[in-house]
Number of protein chains: 2
Amino acid sequence: MRWRDDVCLAVRAALRDFVTGQCRTDLDSARVDIANEILLGFVDGGKCVRSTFMYLGWLCGAGQDDSALRASASLELFHAFALMQDDVMDESTMRRGRPAAHVLFGDWHRDGALTGASARFGESAAVLLGDLCLVWAGKMLRESGIGAEALARVWPRYDDMRVELAIGQFADLVNDAHAFPTFDEVLDVLRRKSGNYTVRRPLEIGAAMAGCSPEVVGALGDYGAAIGEAFQLRDDLLGVFGSPTLTGKSVGTDLTAQKATSVVVAAHQLADSMLRRQLSELMSTPQLSPGDAERWRALITLSGAAQWMEQLIDERLKRALDRLDSVDIPDAARYALEDMAVICTQRAA
Amino acid sequence: MRWRDDVCLAVRAALRDFVTGQCRTDLDSARVDIANEILLGFVDGGKCVRSTFMYLGWLCGAGQDDSALRASASLELFHAFALMQDDVMDESTMRRGRPAAHVLFGDWHRDGALTGASARFGESAAVLLGDLCLVWAGKMLRESGIGAEALARVWPRYDDMRVELAIGQFADLVNDAHAFPTFDEVLDVLRRKSGNYTVRRPLEIGAAMAGCSPEVVGALGDYGAAIGEAFQLRDDLLGVFGSPTLTGKSVGTDLTAQKATSVVVAAHQLADSMLRRQLSELMSTPQLSPGDAERWRALITLSGAAQWMEQLIDERLKRALDRLDSVDIPDAARYALEDMAVICTQRAA
């Protein structure tokens, strides 16, 4: 879609400007030359989902605007913070088709034959670069050129989004630590950690920045909640059934990490007692072989979980589009939001 | 000192208000009940150095004010972020006389007999609670009651401070990974990571918030740079020679972690070749016994490093007080800054 490519290109250009103008200068004195490269890799590799939604929120109440675009682009730096630290906590080694930040930092340490444990250095450096991205994101938003009054409408929602994400990640950690959560518990974490912050909050923030009415912000929030959940359910499905080329992550990472994602928990709940015993066994096998992961995938299909989740996704897509129909927004924004609803929820081609 | 106790009590009260009103509500839904306790422990355990300096900066240009006090108190939440994540990266187990946050989270995980590695859970949880503190700190500042114009003067400096701290921590990681930094390299990191953010930036931020002239902000910055460095040099001395009751950290942690602190590097530079060989040996011994640490302390004393550092501290104290004399600020603020200069640099009683 032409419009989407245009927004994404503009977002990346704004990010590159900020990163080369601000972040690189900051990073230079830390003598970790690879940090800048890792950051640029992140900036160029993303799909700009969050920034696009924030900008579409803006377009629901105002016209095309470079400041609003820069403000929206800042969400990608915030996202970089979340991904870098998540990958450390989940011990994920791949991200966006490249090694994860902590892996790259660890390699840099190893290649330089520095003192201490390389993996540990990599994790600390990735957490720190994440912290910096969190701070830079706020700075980029503040310096975007958006006026003080509009920004004053943004900050409370921005704070809420940041807290909500970290709390969601916290809850996710705890879910991982409890033997087996219910599907509703998983859905709750997924909503707070990923769904809200991928679609709903960016849209609301953009709309509030543009001064949209509470009715419009409310409708966008409902649309965003539904699409965000569907997006995350799709992401979990891809995490089990998707190809690495598509997801940019290692194949079946979610399974080999024995993470209780929505798919895994859904399969468990839908399975009969015999199937459930087999699933539980895989969940607690100390070291899963690729063959185990393959068998797990087959059992999940057998349980009917994938099909059921497709249904949940469809319901959410329909709910979102209906809600969008109920509210008065400019046509260009409406069509773009309809596009995005489909893009975010469709089976990958 | 009566005034100092008053400020510290008021800071703690403001923090407790914010933590119980805001943070606890946020944390409740993460189902990690200990997080709130850990946070309150942090809030009550600190010496309020940074918040006191920010408030004194304010008092250089304005009168006593509850909003300014709340704004200043927010720095303690920022400090909590820095400490929690530092302790994970440095694998420090004690902080402020209690187990470090990641240790407490790890114990909670272990006591609950949860799935997965407890130490790993503890580290992830401490990083996350740190992230939350970083966000909450900004929120507390924003909602302190300080007017928009004054806040607009604060944010750029606040962003700079946050970036500077993270970059300093980055440089610290790299220094640790290089075999042996020079004293100047250590001094540079120490200035950026700790010195500036303990005294200089808080003072400048407070003064800018109050609308002080560039002359006053400049003089406070110079005072702060000198006292911050001296404070950190003292802290490094205490890390080697201080008692745990005084520092709230494990005894000799800096030595047993074989960290190239200013004291260790100074000893190395001042030592003759024979002494230096012994020091280098201790630096690279795989597992130091308490006896090794004791011997190391003795060798450092022999090198004359402790004495030399006392001299560096004295010089900085004198420079700071002279600079303070050169500028026109209210008497109450001046006397308080003179007190703080001594408190921050003196040998512990």
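Rings of Phe, Tyr and Trp (the six-membered ring in the case of Trp) are taken to pair if their centres lie within 6.5 Å, with planes under 30 degrees apart counted as stacked, over 60 as edge-to-face and the rest as tilted. The views show a predicted model, in which local features need pLDDT of at least 70 and side-chain atom pairs count only at pLDDT 80 or more, whereas totals for chains, interfaces and linings use all residues. Residues are numbered from 1 along each chain as its sequence is written, chains are lettered from A in the order in which they are written, and side-chain values use heavy atoms, with hydrogens and water left out.

**View 1. An aromatic cluster in chain A, and an arginine over one of its rings.** Phe78(A), Phe81(A), Trp155(A), Tyr158(A) and Tyr197(A) are linked into a cluster by ring pairs. Arg50(A) lies over the face of Tyr197(A), at 4.8 Å from the ring centre, where a charge sits over a ring if NZ of Lys or CZ of Arg is within 6 Å of the ring centre and within 35 degrees of the ring normal. In chain B, Arg50(B) lies over the face of Tyr197(B), at 4.8 Å from the ring centre.

**View 2. The kinked helix H8 of chain A.** Helix H8 (residues 183–209) of chain A has a kink of about 70° centred on Asn196(A), the bend at a residue being the angle between axes fitted to the seven residues ending there and the seven starting there; helices (H or I, at least four residues) are DSSP runs numbered from the N terminus. Of the 27 residues of H8(A), 22 are buried, so this helix is largely enclosed by the rest of the structure; buried means under 20% relative accessible area, exposed over 50% and partly exposed in between (1.4 Å probe, protein chains only). After H8(A) comes Gly211(A), with a positive phi near 80°.

View 3. Arg201(A), in helix H8 of chain A, counts as buried at 18% relative accessibility. Its neighbours within four places in sequence aside, Arg201(A) is in contact (heavy atoms within 4.5 Å) with Met161(A), Glu164(A) and Asn196(A).

**View 4. A tilted aromatic pair between two helices of chain A.** The structure holds 16 aromatic pairs over all chains. In one of them, the ring centres of Phe183(A) and Trp308(A) are 4.9 Å apart and the planes at 55°, so the pair is tilted. Phe183(A) lies in helix H8 and Trp308(A) in helix H15 (residues 305–325) of chain A, so the pair ties together parts 125 residues apart in sequence.
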